[in-house]
Amino acid sequence: MAYHGPSYGLSRECAMKSQAKFSPERAKQCVTWIEEVTGSKVEMEIKDQIDFAEMLKDGSVLCQLINSIQPGSVKKINTMKAPFKQRENIEMYLKACAIYGLKEQDLFQVNDLYENKNLYMVVDNLYNLGGLTQKKGWDGPALGVKVSSENKRNFDDEVLKAGQSMIGLQYGTNKGASQAGMTPYGASRQIRPEDWNRPKEQNSVPSNHLNS
């Protein structure tokens with residue numbers, strides 16, 4: 001494994017945050033699941049994230065995993081130790097995961113694994129893959145939580161119309177309502193000619209009201 005030297009400043013801070021998110025226990029569960037699915041025993045003991053990365057770095061184990069779940073996902077697994085071939089294996093695995101049904105946010109970048117940048121994302125990816133296999137009804141070993149199916153409801157026109165009527169009854173109705181005879185906001189009140197012909201006592205205030 002290539003040694004990149006110590007990290008400083010922001011790079012070191014990001015590396016520390018990434019290490020804090022990595023769970024050795026979850027990683028070990030992933031390794032056990034991979035062994036059960038592929039039927040191949042890992043030759044090395046996984047003690048920390050460096051061991052975890054070393055096990056998966058060349059991408060061949062990941063390709064074997066997805067081929068065991070979905071045969072033929074990776075046509076040819078590279079066995080050469082050349083870095084570009086190992087990275088190609090990881091890329092083929094990620095592409096196969098996307099085709100299988102994993103969403104983009106459930107994947108990781110090649111460098112997250114190959115350069116040990118965000119190994120916790122590799123663990124998350126494996127858990128998401130395990131959950132998706134359960135959703136698809138795969139009868140192999142299980143890992144993670146089963147991905148829930150979308151509960152989409154389809155209503156016909158009659159049900160939708162009934163719902164609209166119910167909302168109308170709850171909030172009242174304006175059928176038959178009219179603004180006729182109302183003075184628009186901001187407009188002056190119009191005095192009609194017949195108002196001038198009313199008896200004087202109807203238009204004036206009684207004197208006894210003024211003296212009270």
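Does Met-92 count as buried, exposed or partly exposed, and at what relative accessibility does Met-92 stand? I looked this up before anything else. Met-92 counts as partly exposed, at 25% relative accessibility; buried means under 20% relative accessible area, exposed over 50% and partly exposed in between, with a 1.4 Å probe and protein chains only.

**Basis of the entries.** I note that the model is predicted, that local features need pLDDT of at least 70 and side-chain atom pairs pLDDT 80 or more, while totals for chains, interfaces and linings use all residues. Residues are numbered from 1 along each chain as its sequence is written, and side-chain values use heavy atoms, with hydrogens and water left out.

**Entry: the chain as a whole.** I counted 10 helices and 0 strands in the protein chain. Helices (H or I, at least four residues) and strands (E, at least two) are DSSP runs, numbered from the N terminus. The order of elements from the N terminus is accordingly α-α-α-α-α-α-α-α-α-α. Of the 212 residues, 29% count as buried. I then turned to contacts, where contact means heavy atoms within 4.5 Å. Among contacts with a separation of 6 or more, 57% come from residues 24 or more positions apart.

**Entry: helix α5.** I returned to Met-92, which is placed in helix α5. Leaving out residues up to four places away in sequence, Met-92 touches Val-74, Lys-76 and Asn-78. I also checked Leu-62: it is 30 residues from Met-92 in sequence, and the two are 9.3 Å apart in space, C-alpha to C-alpha.

Gln-86 is also found in helix α5. Gln-86 is buried, with a relative accessible area of 9%. Neighbours within four places in sequence aside, I found Gln-86 in contact with Lys-57, Asp-58, Gly-59, Met-80, Lys-81 and Tyr-114.

Entry: How many of the residues of α4 are buried? I found 8 of 10 buried, and α4 is thus mostly covered. The buried residues are Ser-60, Val-61, Leu-62, Cys-63, Leu-65, Ile-66, Asn-67 and Ile-69. They pack against α2, α3, α5, α6 and α7.

I examined the pairing with α2 in more detail. The axes of α2 (residues 24-38) and α4 (residues 60-69) come within 9 Å and cross at roughly 55°. Axes are lines fitted to C-alpha atoms, for helices over the stretch in contact, and angles run from 0 to 180 degrees between N-to-C directions. The two helices are therefore oblique to each other; angles under 35 degrees count as roughly parallel, over 145 as roughly antiparallel, 65 to 115 as roughly perpendicular and the rest as oblique. The crossing of α2 and α4 is left-handed, meaning that the near helix is turned anticlockwise from the far one by less than a right angle.

Which residues make the contact? On α2 I listed Trp-33, Ile-34, Val-37 and Thr-38, and on α4 Val-61, Gln-64, Leu-65, Ser-68 and Ile-69. They divide into 6 nonpolar, 3 polar and no charged residues. Here Ala, Val, Leu, Ile, Met, Phe, Trp, Tyr, Cys and Pro count as nonpolar, Asp, Glu, Lys and Arg as charged, and the others, Gly among them, as polar.

**Entry: aromatic pairs.** Rings of Phe, Tyr and Trp (its six-membered ring) pair if their centres lie within 6.5 Å; planes under 30 degrees apart count as stacked, over 60 as edge-to-face and the rest as tilted. By this rule I recorded 2 aromatic pairs. The ring centres of Phe-22 and Phe-52 are 5.8 Å apart and the planes stand at 55°, so this pair is tilted. Phe-22 lies in the loop between α1 (9-21) and α2, and Phe-52 in helix α3 (residues 49-56), so the pair ties together parts 30 residues apart in sequence. Both Phe-22 and Phe-52 are buried.

The other pair, Tyr-93 with Phe-108, is tilted, at 6.4 Å centre to centre and 35° between the planes. Tyr-93 belongs to helix α5 (residues 83-100) and Phe-108 to the loop between α5 and α6, so that the pair links distant parts of the chain, 15 residues apart. Tyr-93 and Phe-108 are buried.

**Entry: two single residues.** I looked up Asp-51 in helix α3. Asp-51 is buried, with a relative accessible area of 12%. Beyond four places in sequence, Asp-51 touches Met-44, Glu-45 and Ile-46.

Asn-116 sits in the loop between α6 (110-114) and α7 (119-135). Its phi is near 55°, a positive value in a residue other than glycine. Most residues other than glycine have a negative phi. Asn-116 is partly exposed, with a relative accessible area of 23%.
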